[in-house]
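Please keep both in view while reading.

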Amino acid sequence: MRGLLDGHPPFMLEKTFVHVQGIGYQTERRLWSQGADCWQTFLDDPTAFKAARARLPLLLDTISRSPQALERGDFRFFQQRLASRDHWRALHAFPGRVAYLDIETDGGTDFDNVTVIGLYDGRTLRQFVRGENLLDFAEALDEVALLVTFYGGGFDIPVLRNAFPQIRFDQLHLDLCPTLRRLGLRGGLKSIERQVGLTRGPETTGLNGWEAVRLWREWLRGNEDSLRTLLAYNAEDVLNMVPLAELAHRGLTDKAASDE
């Protein structure tokens, strides 16, 4: 586990204090300004930093438990304490356990409407296709600590909960749609890609979610090329979230220090 635990600069998560009940952004910035720039600095001498006396016991308890939780990879410790809008802070804290996810459907939102699931773990892109290997998706999330989606909170995750009721979906979740909006980037995934200069291949440029439905239906009628195009489209949806997540992390790290 990289980060403060092995002498490297701390992750943003290790600089975080807002996962303590009653600690808001203003108090967190005040602690930073006093020199408590990470958990360990605070724990070295808690009395050196000004905090409301009533909150100090809980602050000490949560912060003292946080390094151990991170060291053992206990993402649920942070998922249960961080507001969803702050899950971006954990992007770099669980190396190898972040997954970028996007789904396609046949136009519906019931459990049997999922057609393709794309999942990228930073090394390998896996695609799960209805009628082929879709049910293998359940095992693919076993070691995932943080999911990255675009509008996954409003679409992908609710649909997948219906399709796979056995999966807990209790990971940390960075939803890029509302997260990037905090940096002034609005619109759908393709619109934001254009705003930041990301491009797509000639085969998939101009395609959207409804085109993905059409491609699936064409494949059901025997058009093999349509499935290849659909999988290429889904792959770009997934892989283009990687630089967007990094952009969000950099932007919100800067924002947290000033006017979060």
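## Buried residues, helices and aromatic rings

Glu-236 is buried, because its relative accessible area is 19% and the cut-off for a buried residue is under 20%. The model discussed here is a predicted one. Glu-236 belongs to helix α10, which covers residues 224-239. Its side chain reaches the backbone nitrogen of Gly-201 at 2.9 Å. Leaving aside residues up to four places away in sequence, Glu-236 touches Glu-193, Arg-200, Gly-201 and Thr-204.

How far apart should the ends of α9 be at 1.5 Å a residue? Helix α9 has 12 residues (209-220) and should therefore span 16 Å; its end C-alpha atoms are 17 Å apart, which agrees. At the N-terminal end, Asn-208 caps the helix, with a side-chain oxygen 3.0 Å from the backbone nitrogen of Trp-210. Gly-222 follows α9 and has a positive phi near 110°.

Most residues other than glycine have a negative phi. Two residues of this chain may be considered against that background. Tyr-151 is not a glycine, yet its phi is positive, at about 65°. It is placed in the loop between β4 (146-149) and α6 (152-163). With a relative accessible area of 45%, Tyr-151 is partly exposed. Phe-169 likewise has a positive phi, near 50°, and is a residue other than glycine. Its place is in the loop between α6 and β5 (172-175). Is Phe-169 buried or exposed? Phe-169 counts as buried, because its relative accessibility is 6%.

Aromatic rings form a further topic. A search of the whole structure finds nine aromatic pairs. Two of them are set out below.

| Pair | Arrangement | Centre to centre | Angle between planes |
|---|---|---|---|
| Phe-78 and Phe-94 | edge-to-face | 6.4 Å | 65° |
| Tyr-100 and Tyr-120 | tilted | 6.3 Å | 40° |

Phe-78 lies in helix α4 (residues 75-79) and Phe-94 in the loop between α4 and β1, so this pair ties together parts that are 16 residues apart in sequence. Tyr-100 lies in strand β1 and Tyr-120 in strand β2, so their pair ties together parts that are 20 residues apart in sequence. Both Phe-78 and Phe-94 are buried, and both Tyr-100 and Tyr-120 are buried. Ring pairs also link Phe-78 and Phe-94 with Trp-39 and Phe-77 into a cluster. Over the ring of Phe-77 sits the charged end of Arg-81, 3.9 Å from the ring centre.

Which residues have the most contacts inside the largest nonpolar core? They are Leu-13, Phe-17, Phe-78, Phe-94, Tyr-100, Val-148 and Leu-176, in a core of 49 residues. Helix α11 (residues 241-256) gives the most to this core, with six residues. Tyr-100 touches several residues, among them Leu-91, Tyr-120, Val-148, Val-238, Met-241, Val-242 and Ala-245. A second, separate core has 20 residues, including Val-114, Ile-117, Leu-141 and Ile-157.

Notes:
Residues numbered from 1 in each chain as written. Predicted model: local features only at pLDDT ≥ 70, side-chain atom pairs only at ≥ 80, totals over all residues. Heavy atoms only, no water. Helix = DSSP H or I, 4+ residues; strand = E, 2+ residues; numbered from the N terminus. Buried < 20%, exposed > 50% of the residue type's maximum accessible area, 1.4 Å probe, protein only. Polar contact = N/O pair within 3.5 Å; in protein donor to acceptor, adjacent residues only side chain to side chain. Contact = heavy atoms within 4.5 Å. Expected span 1.5 Å × (residues − 1). Phe/Tyr/Trp six-rings, centres within 6.5 Å; stacked < 30°, edge-to-face > 60°. Lys NZ or Arg CZ within 6 Å of the ring centre and 35° of its normal. Core = buried A, V, L, I, M, F, W, Y, C linked by side-chain atoms within 4.5 Å.
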